[in-house]
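Please read it beside the sequence and the structure shown here.

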Amino acid sequence: MKRHILLWLIPLLLLIGCAKAPVTGRTQIIMLSPEQEMALGFQTEKEIFKTEKITNDPRYLLPTKRVGHRIAKATGLDLDWKFYVIENDKIPNAFCLANGHVFVYTGLFKYIDNDDQLATVMSHEIAHAIAHHVAERVSVTQITSVATAVASEVIRAKTSQYQALYEAALGIGSQVGVILPYSRMQESEADHIGLILMAEACYDPREALTFWEKFAKTSKGGIVYFSTHPSSSQRIEQLKRLMPEAIKRYNVCHLGDRVE
Ligand SMILES: [Zn+2]
């Protein structure tokens, strides 16, 4: 009986949860409501404020706000945009929560030569947020676990001897087969959306190439940052492919001064 309910559940879930990513137009499955997604953002933020040290050092906060506000404008989204700097020199990273609150680690600034390069990282992170990547991953994980439950029910009906083994294999399979490629795909998508966003915010998209090439070399692949990210050569190839479109947008941008 349970199996039949589950078998009906998957297409139903897929039907009600369809969305489209900005810029790429990719079809997504998002089961979280906008309210749930926001709540998740605020919950994460509460944890960050508890565990991290926020700094108002203008050397970091001024460029973060200056660049952030321009990218936020380019999204065209009326979120409650806020920009924070976390004091931690060891982490070259940044992230943006679903509520539009962006956090940049001081450790990133070692790799940043100008606003365009800061825009490269911030627009990538903002892209994750406006494409609802966290909500999508939560949804895919939920659906995968429903699918795994269905499969193990089917197996249970057939044999009990190897069931534990099958279930373990299904669990690993769904992690490696579904969740991991998903996160890599989201990383490429954030690069794509981010490149267009930065160009529309009048930051030179060619600086994205300069930044990633330099970052890959000097950070030896990026300690924390690259765990689920595409390899730097794949990333750079994709950026080069998208560059003509990005430059076209940069040439007609109106949110700031272009460097001629
Ligand atoms: Zn990313």
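## Basis of the description

The model is predicted, with local features requiring pLDDT of at least 70 and side-chain atom pairs counted only at pLDDT 80 or more, while totals for chains, interfaces and linings use all residues. Residues are numbered from 1 along each chain as its sequence is written, and side-chain values use heavy atoms, with hydrogens and water left out.

## Overall make-up

The protein contains eight helices and six strands. Helices here are DSSP runs of H or I with at least four residues, and strands are runs of E with at least two, numbered from the N terminus. In sequence order the elements form the pattern α-β-β-α-β-α-β-β-β-α-α-α-α-α.

Of the 260 residues in the protein, 47% are buried. Buried means under 20% relative accessible area, exposed means over 50%, and partly exposed lies in between, for a 1.4 Å probe and protein chains only. Among contacts between residues at least 6 apart in sequence, 70% join residues at least 24 apart; a contact means heavy atoms within 4.5 Å.

## Helix packing

Axes are lines fitted to C-alpha atoms, for helices over the stretch in contact, and angles run from 0 to 180 degrees between N-to-C directions.

| Helix pair | Angle between axes | Axis distance |
|---|---|---|
| α7 and α8 | about 165° | 8 Å |
| α4 and α7 | about 75° | 9 Å |
| α3 and α4 | roughly 50° | within 9 Å |

Angles under 35 degrees count as roughly parallel, over 145 as roughly antiparallel, 65 to 115 as roughly perpendicular and the rest as oblique.

Helix α7 spans residues 206-218 and helix α8 spans residues 232-251. The two helices are therefore roughly antiparallel to each other, and their crossing is right-handed. A crossing is right-handed if the near helix is turned clockwise from the far one by less than a right angle, and left-handed if anticlockwise. On the α7 side, the contact involves Arg-206, Ala-208, Leu-209, Trp-212, Glu-213 and Ala-216; these meet residues of α8 including Ile-236, Leu-239, Met-243 and Ile-247. By class, this contact of α7 with α8 has nine nonpolar, one polar and four charged residues. Ala, Val, Leu, Ile, Met, Phe, Trp, Tyr, Cys and Pro count as nonpolar, Asp, Glu, Lys and Arg as charged, and the others, Gly among them, as polar.

Helix α4 (residues 115-130) also packs against α7, and α4 and α7 are therefore roughly perpendicular to each other. Asp-116, Gln-117, Thr-120 and Val-121 of α4 meet Glu-207, Ala-208, Thr-210, Phe-211, Trp-212 and Lys-214 of α7. The contact of α4 with α7 divides into four nonpolar, three polar and three charged residues.

The buried residues of α7 are Glu-207, Ala-208, Leu-209, Phe-211, Trp-212, Phe-215 and Ala-216. The 13 residues of α7 should span 18 Å at 1.5 Å a residue, and its end C-alpha atoms are 19 Å apart, which agrees. The expected span is 1.5 Å times one less than the number of residues.

The axes of α3 and α4 cross at roughly 50°, which makes α3 oblique to α4. This crossing is right-handed. Among the residues making the contact are Thr-64, Val-67 and Ile-71 of α3 and Leu-118, Met-122 and Ile-126 of α4. The contact of α3 with α4 has eight nonpolar, four polar and two charged residues.

## Individual residues

Thr-64 is located in helix α3 (residues 58-75). Its relative accessibility is 0%, so Thr-64 counts as buried. Not counting residues up to four places away in sequence, Thr-64 touches Phe-83, Tyr-84, Val-85, Val-104, Phe-109, Leu-118 and Met-122.

Asp-89 is in the loop between β4 (82-86) and β5 (94-96) and is partly exposed, with a relative accessible area of 49%. Beyond its neighbours within four places in sequence, Asp-89 is in contact with Thr-106, Gly-107 and Lys-110. Asp-89 and Thr-106 are 17 residues apart in sequence, with their C-alpha atoms 5.3 Å apart in space.

Most residues other than glycine have a negative phi. Val-23, although not a glycine, has a positive phi of about 65°. Val-23 lies in the loop between β1 (18-20) and β2 (27-29) and counts as partly exposed at 45% relative accessibility. His-132 also has a positive phi, near 55°. His-132 lies in the loop between α4 and α5 (133-158) and, at 31% relative accessibility, counts as partly exposed.
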